[in-house]
Each structure stands twice: as C-alpha cells, then as structure tokens.
Amino acid sequence: MKNLISMRDVSKDDVLRLIDLAGKIERKEVVPEMSGVLAALLFFEPSTRTHFSFDTAMKKLGGNTFSMTGTSTTSVKKGETLRDTLMTISMYADLIIMRHKVEGAARFAAETVDIPVINAGDGANQHPTQAMLDMYSIQKTQGTLNDLKIGLVGDLRLGRTVHSLAQAMADFNPTFYFTSPQHLQMPAAIKDDLTAKGVHYEEVDDLREIIPELDVMYVTRIQKERFAVPEDYEKVKNSYIIRKSMLENVKDNFKVLHPLPRVNEVSTDVDNTPYAYYFQQARNGVFMRQAIITTLLGKA
Amino acid sequence: MKNLISMRDVSKDDVLRLIDLAGKIERKEVVPEMSGVLAALLFFEPSTRTHFSFDTAMKKLGGNTFSMTGTSTTSVKKGETLRDTLMTISMYADLIIMRHKVEGAARFAAETVDIPVINAGDGANQHPTQAMLDMYSIQKTQGTLNDLKIGLVGDLRLGRTVHSLAQAMADFNPTFYFTSPQHLQMPAAIKDDLTAKGVHYEEVDDLREIIPELDVMYVTRIQKERFAVPEDYEKVKNSYIIRKSMLENVKDNFKVLHPLPRVNEVSTDVDNTPYAYYFQQARNGVFMRQAIITTLLGKA
Amino acid sequence: MKNLISMRDVSKDDVLRLIDLAGKIERKEVVPEMSGVLAALLFFEPSTRTHFSFDTAMKKLGGNTFSMTGTSTTSVKKGETLRDTLMTISMYADLIIMRHKVEGAARFAAETVDIPVINAGDGANQHPTQAMLDMYSIQKTQGTLNDLKIGLVGDLRLGRTVHSLAQAMADFNPTFYFTSPQHLQMPAAIKDDLTAKGVHYEEVDDLREIIPELDVMYVTRIQKERFAVPEDYEKVKNSYIIRKSMLENVKDNFKVLHPLPRVNEVSTDVDNTPYAYYFQQARNGVFMRQAIITTLLGKA
C-alpha cells in the first residue's frame, strides 16, 4: 500500500493487517517512531472532527502536522493550480492527508506527488479511513468481523460512510438490514454490488422488528437539508431515532455505532447503556489512523 | 486537583505548592516529561495571548496541542451539542483547556469528560490561571505573599482578573487599595467577602497618595466601551494612567503588574524603569501554566 | 549574526557559511537539536507557502511553532501597539519569524525584542531567506556561485525576490540578462548599484537570444494587477512565458528557477525536462531556513 484512496483498493488481507496493527498500537505493543515526520493536512473542505483525529494520530506518535483549511489560501488566490500546490506541499511534508469536495481529487493527488496520500473524504465518494475505523470498532466489540448481523439506519442514499462500510464488510459474510426513509434508501448500485458478492440484505421498515437480531447497529444522521419539503422531514425523523426503550431485548454483544456528529438520531438516554459505543469508536479512529499512516510510511 | 475551574476550589496549600513547582520548572530543577501528551485548546471565545501562553507551556515541555477557535466549527454547525463536542474531544486529547463566554461552561466541561479541564476564562466569572500567575509574579518579586500592600487600579467592577486576585490573596493578610472611576468600583460582593475574611481595604481617589506605600500596583484596562457617554470616559481616563513621574518615591521592591494587553493606562515611559514587571509577568504565566498542567496530569 | 533582516547585512562569508550548513543539514551531517525550541510565526500579511516552509523547517528539526496570521488578532483589536505585541511574544518564543506589509517592520522588531528575528518579507523591501535559498539552489545545481550567466525574467521592477538575488549574487562576478516588459524593468537604483560593484548586465528584449548562453534562468510572475490597462497585459504576457520548445539548445547545466507560485509564466511542459528546478528549489528552502534558524539560535 502506497496510498489509501478508496476501499476498493484495500484487500481483505490489508483490512486484517491494519486492524491487527491498530490493536498493537492501542495496546502499545508497537510504538512507531515518528519524530521529525510531518503530515500535511489539506482540508480544502473543512471537517473539524476528522482533522482533529488525524492531527491527534500524528502528534501522539511524536510526529507533527501543518494544516491548510479552505480554498482561501494565498497561493490559490494568486492563481496557482491544484497540481502546483500539491507538488510544493510534497516538497515539505512526508505525507498528504486530503479532504476535498470534488470526487477523485485524492486520486489526482496520489498520481501527482511522490509521497503517500490518504483520502480523508472526497465529496460523496469515499472516506476509507472512516470505514477502516468502523471495522476496527466492530472487530473489537464482536471479537470477529465474520457472519455478523448489521443494521444500517438513517440516510443510506447520501452517506458515504455506510456505502464504504457495506462494501468493505461484504468480504466477511454479513447480513445487512437497511432502514431509511423512502427517498434516502441504499442506492441500487450498492445493492447490486452486494448481490453480486452473495451478500444477504433486507430492507426493513420498522427498526423495532430487527433490533433483537442485531450484533451491530450503525446509525447515521438524516440531514434536514436533504428534504425539499420540511413537512416530509418532520414526518419521518422520529421513526429513525434510537432510544433506550428500544434496546430491552438486544443481544449481550450488541453495540450502537455512529460516525458522529449526531443531532438527535441516537437519544442521549442511550449514552449510559452498555450498548453505546460511538465515543469509543471516535477514539478507535486515532489508533486506526496511526496504523494506516505507519503502514503507508513503511514504518510498520 | 483534577481540574482547575475556579480559585474557590484552590486551597492556600494548593497555591503554595503550585508556586513552588512553577519556580522549579522555571529553574529547570523539575523537567516534566510531556512527549506524546496532547492538550485541546478549545477557545470558543478567542484570546490570542492566553492561547499562545498555554500553547507555549505545552510545546516547550515537548507536548503538543490542537486548537479549536470560535463557534464556527463544522460540528457545531451540523447541530452537535457542546456535550458531544466535549465527549469527542476527550477521546483525542489528554487535557482540555477551555475558554467560553458563558459562565459555568468550564464547570460543565469538567463534569462531562473524564480528562482534566482547565478554565481559561468563562465570561466575567473566573480566569484562575491568570490569578495563579499573578501570585507567582508577586512571590518572585516580593519574596513572599504575606502582609503586602497592593493597589488595584482601573476597571475593578468588570475585570475578572482583579476579582480572582483579590480573593486568592485574601489568605495572605494583604492590605488593598482600590482606585477606579466611580461607576467601575469593586463590587460589594467582593468587598463583603474580604471583610468577612478580615482583610483590610481602602478605596482611594487619588493614586498619588498611596503609591509610596505600595509593594505592588496591579493595573487593568478601562474599556472605553463600558461608558455610555464618551465624555465620561474622556473625563476619567487620565486619572488612572501610571506615569514614570509618579514613581519617584516608591519602595525599592515596588512593582507594576498588568495582565496585558494595555492601551495607555501604563505609560510606556514606565517600561524602562526597574518597576515595570508586566512583560516578565507574561513569561511567568508560561511556567505557572506548566506547573498547573503537570499537576493535573499527575506528573508533578 | 543575531537577526536576518536584509541581505545588506549578510557578508559574502555569511552566505558561504549558510550554504555550507544547509548542505550539511540536508545530507544529515549536521542534526541541530531543536526539541523544546519554539518559533513564533507572525504573519501580519499572509503567505501560505513561506509559512509552511518555516513551519516545516522548525518541525522537522524537532522544534515547534505557534502562528499569528492577519491583523485581526484579539490583542490588536483591543488597541495594543505592535511594540507590546512583539514584547509579549518574545516572552513566549525563542525566535520571531515575521512577515509584514510595512517596509522596516522586521527591523523594528529586531530593535524591540531580545530574541532573534527573521524577516520573512516586509512589503516590497526585503525577503532575505528567499534570496538565500535561491543561492543555495544555484550552488547545488552549478557547483559554484562564481562567474555564472543568469537571466532574470518577468516583473523586475516590483519583485523583491529578484532585487535581493541580484544584490546578493553581485559578490560572485555574475553576468546578468534582464528581460521584462517595458514598464516593469529593473529599477535604476539596482542597476547603479550593480555598476558600482563592476557587475556586467544587459537588458534583452527577446528571451530566445540569450537562453543558449545561460546557466540559470530565474523567472517571476508578471502580475496582471500591475497593469493599468488590461490590453497592455495581454500584449506582453506571452513574450515572457518559458516553453519547452525554447530550451532545445541550452547548456547541460542549465536550470529554470521560480520562487512560486507560478501562474502561466513557466509552461507545464517544462516540468518534465531536466531543466525544471522550481519544486526542488522549494525543498531547498527548508534546508536553508533550518541553517539560518540554527545559526541565529547559536546552535550551528
């Protein structure tokens, strides 16, 4: 692995290796040496949380970062091309971590520069480090990635997180349950892809039916802005809120995951149950990103 | 000590211990090991100077920081609650240093997360690390905190700095002299508190009367914006400016302190006298903040 | 050397010593110890690229930085003078690196504070670290600074980069060729200065005439904004674009340098020729800045 641009480039073996390494870093069995190593955090599209997570990953290993946020940098204003910006940054940093609103921007970066590139989100397309940290969280809580029953809830049409996760888990014989408002359903392309790989999935109207079956429930935000008519949002929003009262008959190993930030789709009364795992999931992101950085820099 | 939220939580023993540790750090008799330690600087209300001081404190010990400034972060825009923001940050950082315009925000943070929280200013309420660095500066210049004559000059009504300092010094048998425009006098609540503790204070109209008596004069800005009628400001502003010519009969140990930034309330002709101590006071802030951070992280 | 404010303060010996040290740092023959060392990056006028370069220089040596960008900092808003801001920063940092739009601002800083100051650009005046990295790039590619034929192309009137470079190279017996639009010619003051030092220069209308003679061609942007009449810009802009097709008869050691960012004045088809050196030149800037920082801090 030289870059991490898309989950489509990551083999099942890569996934297992990265999860293994993240665990070793978390348990301090592996302590990568990053002093003097510098990552450029190029967030052309801002994202506080993802930025902090990568920043933490580098700094807690003893490396450091510099950051460019937004497109209002002076070089861009002076008429510089994205290619020249990337080339110059690659003369300073050891690694580029890039978020951009244009799909394919991270791939372009990887083809332009000689240093490793990590895609930290390119538009509605890919966010592979999120998928990897989700899988690390699943492995840690379930003891395995194999043969799990996973509910995906919320905006399944536009959420790149659930697309990447569904594709990445397909290698591990999951059963998926999809629950979303009518017009925010999982896209046909993803469903066809799952079918082609022999993955079983069901679309489920009422959450309550499936909760006792599940190992993992992965919840995402339904964004009000996606609805043309506000009344449509008001009608559906309460059907997709997870509350403590719905979790009475769950399995012992059941966990609720959420990529955060949440608005109200997981009620705060879930936070103090043993099923809430979203904050630990955020912490897992630091270890997984350290594993990815370490691997791409050849320091594993 | 797990958090530092208010001077009211800090005992006389804590004060003395922190001053002792700050001195040892300044003299390099104690070198705390902070490599891999990460502080989150959450400045919901901006403050360049306080931010730099904490940033310096961490980085010169070999630790590092990440910063959030303003309330325009993307997660807040997406509708995330302060509680969720704090919970997530606490998954990344080892320590939260927080400034917020709402009184009690730092207390709320300390009750929310499992990592230590330092209040870097919550509205007009508390700014305990400023009070601690002021006391460290007094100890260094006077050789003691006990039995000192301290003038407090300027805006005594709204300046949280002078409130915290007055309360913190009360344990050390000071005599206070308060000098301020009529409508910016020290609040009755603070004066009652001092009286209850047996502290002697006087309100003084003319600065010149008291200067030869003083060990320390602590000056704060009078903010033009506080005056409804600009003429009122013009009338009073010159009465509260410290000039070199006023310092002819001071004691040898006399020092002028100021939390900075100043506008014109200490004339620049004071800067080159042996009495000016405000810039060294700023440097002392770094050592005191290192002492506080070291103590809260259990590395003292 | 205590500060680096202007190339006029840098002797020929200083230049050679810094180039030697930059080479040793690049080849890791010298590894300066910067842990716990903190540079303040005060960019009152923003410059992404110069900021990143200094930031990288400090961080890759194991030091760290804090940054102030723009003039909208809270202390400035509160009415603080530049002198007080600098004094306070000097209580926190070990080194000030400063860019300001006012000529002489860096000199003022050096006279105000007790720590070293590096001028990272003061208006149209000086940008000495750029001149030093340019000379390091010339030395690396030519094996010498002496007796070279150097073309300077583009905006020679307002570009501080070419002024500093012309003056600094004057000690090494160069021959200069100046090519620029009529109203963007090298100022008389610089030409007089070169004549006084016995430096030979020619003003050349057509680039193509001189390219086969050159060891180095240094290209700068022609800024559209400098033209009162847009048609004037359109008329000249294509005369000053370097294209691959113009480089057929160049010397083997010929290199194109550019301080970046470029707009279109060096065609991208030059990038893949062995003559393009502008991105490596950017990398050289990190090593030269490390050499300068190391020298000013007395760690050489």
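Biologist: What should I know before I start?

Modeller: This model is predicted: local features need pLDDT of at least 70, side-chain atom pairs count only at pLDDT 80 or more, and totals for chains, interfaces and linings use all residues. Residues are numbered from 1 along each chain as its sequence is written, while chains are lettered from A and ligands numbered from 1 in the order in which they are written.

Biologist: How many helices and strands does chain A have?

Modeller: Start with the rule. Helices (H or I, at least four residues) and strands (E, at least two) are DSSP runs, numbered from the N terminus. Chain A has 11 helices and 9 strands.

Biologist: What does the radius of gyration say about chain A?

Modeller: The radius is taken over C-alpha atoms, and the globule rule is 2.2 Å times the number of residues to the power 0.38. For 300 residues, a compact globule would have a radius near 19 Å; chain A has 19 Å, so the two agree. Along the principal axes, the C-alpha atoms of chain A fill a box of roughly 55 × 50 × 40 Å.

Biologist: What share of the residues of chain A count as buried?

Modeller: A residue is buried if 20 or more other C-beta atoms lie within 10 Å of its own, exposed if 12 or fewer, and partly exposed in between; the C-beta atoms are placed from the backbone. In chain A, 52% of the 300 residues count as buried.

Biologist: And what of contacts in chain A?

Modeller: Two residues are in contact if their C-beta atoms, placed from the backbone, lie within 7 Å. Take the contacts in chain A with a separation of 6 or more: 75% of them join residues 24 or more positions apart.

Biologist: Where are the domains of chain A?

Modeller: Domain bounds come from an automatic or database domain assignment. Here, domain 1 covers 7–126 + 284–296, and domain 2 covers 129–282. Their centres, taken over C-alpha atoms, are 26 Å apart. In chain A, 17 residues of domain 1 are in contact with 20 residues of domain 2. On the domain 1 side, helix H1 (12–26), strand E4 (117–122) and helix H11 (278–296) of chain A give two or more residues each.

Biologist: Which classes of residue make up that side of domain 1?

Modeller: Ala, Val, Leu, Ile, Met, Phe, Trp, Tyr, Cys and Pro count as nonpolar, Asp, Glu, Lys and Arg as charged, and the others, Gly among them, as polar. The side of domain 1 of chain A that touches domain 2 has 10 nonpolar, 4 polar and 3 charged residues.

Biologist: How do I read the sheet of chain B that has E2, E1, E3 and E4?

Modeller: Strands of a sheet pair through backbone hydrogen bonds, either parallel or antiparallel. Two strands count as paired if DSSP finds at least two bridges between them. In chain B, 4 strands form an open sheet in the order E2-E1-E3-E4, with parallel pairing. Strand E2 (64–69) and strand E4 (117–122) of chain B stand at the edges with a single partner each, so one side of each has no neighbour in the sheet. E3(B), residues 95–100, pairs with E4(B) over 4 bridges. There, Ile96(B) stands opposite Val117(B).

Biologist: Which strands are at the edges of the 5-strand sheet in chain C?

Modeller: This open sheet runs E7-E6-E5-E8-E9 in chain C, with parallel pairing. Its edge strands are E7 (200–203) and E9 (255–257) of chain C. Strands E5 (149–153) and E8 (216–219) of chain C share 4 bridges, and Gly151(C) has Met217(C) as its bridge partner in E8(C).

Biologist: Is Gln167(C) buried or exposed?

Modeller: Gln167(C) counts as buried because it has 20 C-beta neighbours inside 10 Å. It sits in helix H7 (residues 160–169) of chain C. Leaving out residues up to four places away in sequence, Gln167(C) touches Met7(C) and Asp193(C).
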